[in-house]
Amino acid sequence: MISTKLTELLGIDHPVVSAPMGSVSGGGLAAAVTQAGGLGLVGVSYGDAAFIDEHVGYAAERGGVWGVGCVMFTFDERPGLWDKVLGYAPPVIALSFGDASQVRRYVESAVHSGAQVVVQVHDTEQAAVAARAGASVLVAQGAEAGGHHKTQSTLPLIPAVLDVTQGAVPLVAAGGFADGRGLAAALALGADGVMMGTRFAATEESLATAGFKATLVSAATTDTVNTRSFDVVRGIPWDTAYTARSVGNSFTRTWSGRDAELAAARAEVEPEWVAAVARDDTSQRAMFAGEVLDLVHDIRSAADVVRSTVTEAETALARLGPLLHTS
Ligand SMILES: Cc1cc2nc3c(=O)[nH]c(=O)nc-3n(C[C@H](O)[C@H](O)[C@H](O)COP(=O)(O)O)c2cc1C
């Protein structure tokens with residue numbers, strides 16, 4: 001067993017969190033991770049009433065220490081959805097991608113609901129804002145991550161965030177973790193656990209489509225690209241400070257770096273793109289995945305991922321002990 005400030009605060013067995021991935025982390029994945037002793041998060045993401053009822057409802061029914069993940073800047077545009085999420089009384093609410101005023105507002109509301117509040121940050125300035133706003137846990141996510149990220153890498157970001165927070169709240173490392181070697185490294189840096197996205201997308205319980213899962217297993221880290229194309233074609237007003245790491249395909253080869261042209265052509269391109277996504281066309285669809293792809297070789301159960309991550313980390317940490325010599 002590995003006990004940290006994170007496991008103690010949340011009352012979970014293992015310092016392993018499954019990321020709140022939109023359209024991928026449903027109630028089944030979240031509940032499986034929670035049942036295995038980690039923290040399972042449902043990816044509410046941009047918010048969709050039917051998805052919330054089905055997947056947040058499922059995780060709530062299964063119980064334990066589970067949570068939801070919401071992308072703050074999109075909730076402001078969708079009145080009523082935040083209250084719908086709170087209606088399921090998630091014990092943990094993870095917040096990502098908001099400006100300072102949104103962080104303050106959503107943290108206050110989530111704390112008021114009685115939840116433990118996790119805020120994802122990408123630099124030390126965001127860490128200071130989230131800590132001051134009253135977050136119970138910070139997630140520091142580096143640019144190795146699958147999906148949206150800023151530019152700083154995880155390795156120096158973790159100790160830099162710890163220097164800002166002075167360890168006042170548990171810190172979870174995200175971006176570049178897929179096994180126990182990564183968990184051990186995160187703990188050595190001073191983090192209290194890891195959040196894994198890409199690794200959990202490649203599990204039996206994930207909602208990733210068959211084409212996406214097959215790509216996660218077959219693609220290499222060098223196949224990933226950072227792009228805004230999928231945000232532009234969907235018309236989602238992302239802050240341009242963020243790009244999304246995705247497996248490169250025909251769509252990114254055609255449109256990456258041509259955001260203004262794509263925005264102008266959206267009326268023609270979007271319907272075809274939506275139809276391609278509906279038939280799981282991997283040459284067109286978004287397949288967010290991180291630099292860990294070289295470490296992902298199979299589709300396994302989420303419980304197996306939690307278990308192996310912890311046992312490998314225990315082995316890695318035990319290997320370090322004998323390196324210490326007192327002279
Ligand atoms: C397929 C996929 C979808 C994601 N969707 C979201 C999302 O909707 N909201 C969010 O906060 N983060 C999202 N992320 C980022 C994760 O929360 C997490 O920070 C990231 O996956 C960690 O890096 P890793 O992929 O190296 O494990 C997504 C990541 C992936 C791989």
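A nonpolar core, as I use the term here, is a set of buried Ala, Val, Leu, Ile, Met, Phe, Trp, Tyr and Cys residues joined through C-beta atoms within 7 Å. I note at the outset that this is a predicted model.

**Entry 1: the core**

I looked up the largest nonpolar core and found 98 residues in it. Which of them touch the most other members? I read off Leu95, Leu138, Ala140, Val172 and Val194. I then checked where the core draws from. It takes at least three residues from domain 1 (5-206 + 298-323) and at least three from domain 2 (220-278). As background, nonpolar side chains in soluble globular proteins tend to be buried together.

**Entry 2: the whole chain**

I counted elements next. The protein chain has 16 helices and 11 strands. Its radius of gyration is 19 Å, close to the 20 Å of the globule rule for 327 residues, so the chain is as compact as a globular protein of that length. I also took the spans of the C-alpha trace along its principal axes: about 70 × 40 × 35 Å. Of the 327 residues, 49% count as buried. For contacts between residues at least 6 apart in sequence, I noted that 67% join residues at least 24 apart.

**Entry 3: two domains**

The domain assignment gives domain 1 (5-206 + 298-323) and domain 2 (220-278). I took their centres over C-alpha atoms and found 25 Å between them. How many residues does each domain put into the contact? Domain 1 gives six residues and domain 2 gives four. I sorted the domain 1 side by class: one nonpolar, four polar and one charged.

**Entry 4: around the ligand**

I listed 30 residues around the ligand. Those that come nearest are Gly22, Gly146, Gly147, Gly197 and Gly290. Which elements give two or more residues to this shell? I found strand 2 (39-45), strand 3 (66-71), strand 9 (193-196) and helix 10 (198-201). Helix 10 gives the most, with three residues. By class, I get 14 nonpolar, 14 polar and two charged residues in the shell.

**Entry 5: helix 9**

I moved to helix 9, residues 180-189. Its buried residues include Gly180, Gly182 and Leu183. Ala184, Ala185 and Ala186 are buried as well. What covers them? I noted helix 8 (154-165), strand 8 (171-174), strand 9 and helix 16 (302-320) among the covering elements. Just after helix 9, Gly190 takes a positive phi of about 110°.

**Entry 6: positive phi outside glycine**

I checked two loop residues for backbone angles. Ala89 lies in the loop between helix 5 (81-87) and strand 4 (92-96). Its phi is near 50°, a positive value in a residue other than glycine. Is Ala89 buried or exposed? I find 11 C-beta neighbours inside 10 Å, so Ala89 counts as exposed; the cut-off for exposed is 12 or fewer.

Phe97 sits in the loop between strand 4 and helix 6 (100-112). I read a phi near 55° for Phe97, again positive in a residue other than glycine. Is Phe97 buried or exposed? Phe97 has 21 C-beta neighbours inside 10 Å, so I log it as buried; the cut-off for buried is 20 or more.

Key. Residues are numbered from 1 along each chain as its sequence is written. This is a predicted model: local features need pLDDT of at least 70, side-chain atom pairs count only at pLDDT 80 or more; totals for chains, interfaces and linings use all residues. A residue is near a molecule or strand if its C-beta atom, placed from the backbone, lies within 6 Å of it. Helices (H or I, at least four residues) and strands (E, at least two) are DSSP runs, numbered from the N terminus. Ala, Val, Leu, Ile, Met, Phe, Trp, Tyr, Cys and Pro count as nonpolar, Asp, Glu, Lys and Arg as charged, and the others, Gly among them, as polar. The radius of gyration is taken over C-alpha atoms; the globule rule is 2.2 Å times the number of residues to the power 0.38. Two residues are in contact if their C-beta atoms, placed from the backbone, lie within 7 Å. Domain bounds come from an automatic or database domain assignment.
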